[in-house]
Amino acid sequence: MATTESPEAAFLQKALTDPAWLLRELDLHSDRAAFLRVPERTYRDSPFLDHRLSAPRQQPVIARLSSLTESARAAPLPATDWIFHPGHVGSTLASRLLGELNAILPVREPLPLR
């Protein structure tokens, strides 16, 4: 008998491999993860990915945080490189300049990292 994947699991599998799905919020107390669909141009144009995000208003897609962690453990994720830095060192400018290269997607200060 074939196992049917839940809609939540199918969404999380896509969200974990598609950078258009931004993990916007984590709520540990209510086991909640909220995702927004963010076009690549918005990542490049927005100074930060917090409340200043210049994405169109939309309802987030909500998933259980516990399901997200299970999916992340099971998913073969692509290799990525990261640059982390202290604040107020010109990093927004550096991120914007690097973001002009097509192979680099700038992700400036997403809320879950705060």
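Trainee: In what order do the three strands of the open sheet stand?
Mentor: This is a predicted model, in which local features need pLDDT of at least 70, side-chain atom pairs count only at pLDDT 80 or more, and totals for chains, interfaces and linings use all residues. Residues are numbered from 1 along each chain as its sequence is written, and side-chain values use heavy atoms, with hydrogens and water left out. Strands are DSSP runs (E, at least two residues; helices are H or I, at least four), numbered from the N terminus, and two of them pair if DSSP finds at least two bridges between them. With antiparallel pairing, the order of the open sheet is 1-2-3.

Trainee: Which residue of strand 3 is the bridge partner of Arg32?
Mentor: Strand 2, residues 32-37, pairs with strand 3 in the antiparallel sense over four bridges. In strand 3, the bridge partner of Arg32 is Arg64.

Trainee: Which strands does helix 3 touch?
Mentor: Helix 3 (residues 65-74) packs on the sheet, where contact means heavy atoms within 4.5 Å. The strands that helix 3 touches are strand 1, strand 2 and strand 3.

Trainee: Is Ile83 buried or exposed?
Mentor: Ile83 lies in the loop between helix 3 and helix 4 (91-99). Buried means under 20% relative accessible area, exposed over 50%, and partly exposed in between (1.4 Å probe, protein chains only). At 63% relative accessibility, Ile83 therefore counts as exposed.

How values were computed:
Axes are lines fitted to C-alpha atoms, for helices over the stretch in contact, and angles run from 0 to 180 degrees between N-to-C directions.
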